[in-house]
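Thanks for coming. I will go through the structure on the screen, one topic at a time.

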Amino acid sequence: MRASFSAPLWQWEARTESWWFVTVPADVSDDLADLPLPPRGFGSIRVKVTVGSTTWRTSVFPSDREGGYVLPMKKAVRTRESLTPDEPVAVVLETVDH
């Protein structure tokens, strides 16, 4: 599965020193939830992500609070791509196991 979307960068309040995320939109989250993937820790799904000129592998995680999946944004990516809190991030997301 491959999806492109744009969503704001936000910081997790519980761990403000290090955890930043982008919320995967509801329609893409629904598609992810429907994939017949083997269960993984915390309900995560392995993905390859591209933001700007940076591509890396990580996992998206289900979030009841956000009503879908969330994508962690590493500091190295935030710095390299000059990402700004609350500003939209253009994301290309591909599942790894599918």
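The structure holds three salt bridges, where a salt bridge is a side-chain nitrogen of Lys or Arg within 4 Å of a carboxyl oxygen of Asp or Glu. Before I take them in turn, note that this is a predicted model, in which local features need pLDDT of at least 70, side-chain atom pairs count only at pLDDT 80 or more, and totals for chains, interfaces and linings use all residues. Residues are numbered from 1 along each chain as its sequence is written, and side-chain values use heavy atoms, with hydrogens and water left out.

Take Glu94 and Arg2: their closest N and O atoms are 3.0 Å apart. Helices (H or I, at least four residues) and strands (E, at least two) are DSSP runs, numbered from the N terminus.

Glu94 also meets Lys48 in a salt bridge, at 3.8 Å from N to O. Lys48 is in strand E3, so this pair ties together parts 46 residues apart in sequence. Arg2, Lys48 and Glu94 are therefore linked in a network of salt bridges.

How accessible are these residues? I use three words: buried is under 20% relative accessible area, exposed is over 50%, and partly exposed is in between, with a 1.4 Å probe and protein chains only. Glu94 is partly exposed at 22%, and Lys48 is partly exposed at 30%. Arg2, at 56%, counts as exposed.

There is also a salt bridge between Glu66 and Arg65, with the closest N and O atoms 3.5 Å apart. Glu66 has a relative accessible area of 27%, which means partly exposed, while Arg65 is exposed at 55%.

Which residues have the most contacts inside the largest nonpolar core? They are Val24, Leu32, Val51, Val60, Met73 and Val91, in a core of 24 residues. Strands E1 (2-11), E2 (20-23), E3 (45-51), E4 (54-63), E5 (68-72) and E6 (88-95), together with helix H1 (26-33), each give two or more residues to this core. A nonpolar core here is a set of buried Ala, Val, Leu, Ile, Met, Phe, Trp, Tyr and Cys residues joined through side-chain atoms within 4.5 Å.

As for Val24, leaving aside residues up to four places away in sequence, its contacts include Phe5, Leu32, Val60, Tyr69 and Leu93. Contact means heavy atoms within 4.5 Å.

Now Thr54, which is found in strand E4. Thr54 is buried, at 5% relative accessible area. The side chains of Thr54 and Glu81 are joined by a polar contact of 2.5 Å. A polar contact is a pair of N or O atoms within 3.5 Å; within protein, one must be able to donate a hydrogen and the other to accept it, and residues adjacent in sequence count only if both atoms are side-chain atoms. Again not counting residues up to four places away in sequence, Thr54 touches Val49, Val77, Arg80 and Glu81.

Last, backbone angles. Most residues other than glycine have a negative phi. Ser82 is not a glycine, yet has a positive phi of about 55 degrees. Asp86 has a positive phi too, near 70 degrees. Where is Ser82 found? Ser82 is in the loop between helix H2 (75-80) and E6, and Asp86 is in the loop between H2 and E6. Ser82 is exposed at 57%, and Asp86 is exposed at 60%.
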